[in-house]
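I opened my notebook for a quick tour of a new model. Here is the structure I had on screen while I jotted things down.

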Amino acid sequence: MDLLDKFDSIVAQRTALPFEEADPFTVVMDKIISETEAIINGRPTILAGTNNYMGMTFNQEALEAAHKALDDFGTGTTGSRVLNGTYGSHKTLEARIAEFYGVEHCMVFSTGYQANLGMISTLAGKNDYVIIDADSHASIYDGCAMGNATIVRFKHNDVAQLERRLKRLPEDAGKLLVVEGIYSMLGDSAPLKEILELGKEYGCETLVDEAHSMGFCGEKGRGIAEDLGVEHMVDYIVGTFSKSVGTIGGFAVSNHPKFDVLRLVCRPYVFTASLPPSVVASAIASIEAISRAGNRRAHLWENAKMLHGGLKEAGFDLATEKAESPIIAVCLPDIETATHFWENLLKEGVYVNMAVPPATPVGYNLMRVSICAQHTTEQVQEIITRFINTAKKINLKLGNA
Amino acid sequence: MATAETLEKIYALIEPVNRKSCQLAPETSFAVDLELDSLTVMDLVADIEDEFDIVIPLNILPDLETIVQVADAVEKIVAENE
Ligand SMILES: Cc1ncc(COP(=O)(O)O)c(C=O)c1O
């Protein structure tokens, strides 16, 4: 038995997809022109699927800080945070994030994926429960799989179903309730107030993943919990530098007085090398810039609303009623149509994410558009126009036709 | 093995999603016989949880392939709760 035989059906499914030249899963960015443009297959292309919400990848201060750190401290730390991999800048970054969130403690991980993996698997042990939303990101599911807790799942954003499940759990058991602020595929937000109130009523500690809401939700850009004024009910916030912050890395913040013990027992923190100094330096500069980026935030929301409004008016089937985030997901009837649409849209010069199961909730075949604060109004209009042209080209029937 | 009563309750919950009109039996499998997709399975699990007022942990779902396996698991969880 060949060990890779078990994936034959997946390979077959992939090869059956009707794309002609460009495969949505093997796209190569030949050249990055700016936060919003790249050369793909030799063509200038508008980037509308990068998670680069705040457009920080070419932020001048972040670039300069990274260059300097590279020269001063080298290309990498070659070690774990608990051995030789903690530099002064790692501590500074943690202090800055704690300050940004107005909390006591912060731990920086090498990715957001590892932050979820580590926090969930470590916080919830053998006799504890983790309660998760069914549409949770893979890193949350994997954190559950890595730990020894009992996992309870509730239907996406279904507060009543959550309560029925919380009621059935032993009163005195340790419970960790995990939700996201904005869900990454459909771009919809969680009814965080209701969920957190229930969690607290039933004795849960709560963890909110703000990966897709940090930077532009809330007055200071901390995320949905800030926006809704419910941060006092959140015990742990997890976030990433790979989206609004424009680099790579992850973090967890908390006011829990015993938080620092996690540095000793959280395996995805201990058993991997720390972030390189240049990344740390750019993250510090970028978070600093984000905290003063009120105008950029406002423009991002304008862009998101314009895109949502334009696509809706054109008759596209959108995953959310209004723009709840800079993620606008266009629903297509099946994976073949999605592949076709995606390839033709790319030929029109717009890159979006094609998102299909298992990355999406079952039944969703999406053109996942994520908008950037640096997109100009003209670019947003251009994206809408090219969506409409693509629909015509592949004979996709739009809602108002 | 699970009692007829438990099985009947579970059959009743499956019936609305039994689009292929399979004859339901203890050994009927969710994926192979009923061809339920994962979303339907998830809703079904939630219905079973609500019917019996229990929590079926996600951890044990991969081991539950047939109706009788679910019924047995349900009875075990109900007994543990008492
Ligand atoms: C909700 C959520 N959490 C965590 C992550 C992981 O982030 P990172 O790219 O830093 O590993 C992602 C990104 O894919 C995400 O969407």
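My entries on the interface, the salt bridges, the backbone and a surface patch follow.

**Ground rules.** I am working with a predicted model, where local features need pLDDT of at least 70, side-chain atom pairs count only at pLDDT 80 or more, and totals for chains, interfaces and linings use all residues. Residues are numbered from 1 along each chain as its sequence is written, chains are lettered from A and ligands numbered from 1 in the order in which they are written, and side-chain values use heavy atoms, with hydrogens and water left out.

**Interface.** I looked up the contact (heavy atoms within 4.5 Å) and found 15 residues from chain A and 14 residues from chain B. The two chains bury about 1,200 Å² between them, 56% of it on carbon and sulfur atoms; buried area is the accessible area (1.4 Å probe) that two parts lose on being put together, summed over both. On the chain B side, Met42(B), Val55(B) and Leu58(B) lose the most area to chain A, together 41% of what that side buries.

**Salt bridges.** My rule asks for a side-chain nitrogen of Lys or Arg within 4 Å of a carboxyl oxygen of Asp or Glu. The structure holds 24 of them over all chains, and six are found across the interface of chain B and chain A. I noted Arg168(A) with Asp50(B), where the closest N and O atoms are 2.7 Å apart.

Within chain A, Arg222(A) pairs with Glu231(A) at 2.9 Å between the closest N and O atoms. For accessibility, buried means under 20% relative accessible area, exposed over 50%, and partly exposed in between (1.4 Å probe, protein chains only). Arg222(A) is buried at 12%, while Glu231(A) is partly exposed at 25%.

In chain B, Glu80(B) and Lys76(B) form a salt bridge at 3.8 Å. They are four residues apart in helix H3, so about one helical turn separates them; helices (H or I, at least four residues) are DSSP runs, numbered from the N terminus. Glu80(B) is exposed at 54%, and Lys76(B) is exposed at 55%. Shared partners also join Arg164(A), Arg165(A), Arg168(A), Glu49(B), Asp50(B) and Asp53(B) into one network of salt bridges.

**Backbone.** Most residues other than glycine have a negative phi. I found Asp53(B) with a positive phi of about 55°, in the loop between helix H2 (38-52) and helix H3 (67-81) of chain B. Asn395(A) has a phi near 60° and follows helix H14 (377-393) of chain A; Asn395(A) is exposed at 70%.

How values were computed: Helix = DSSP H or I, 4+ residues; strand = E, 2+ residues; numbered from the N terminus.
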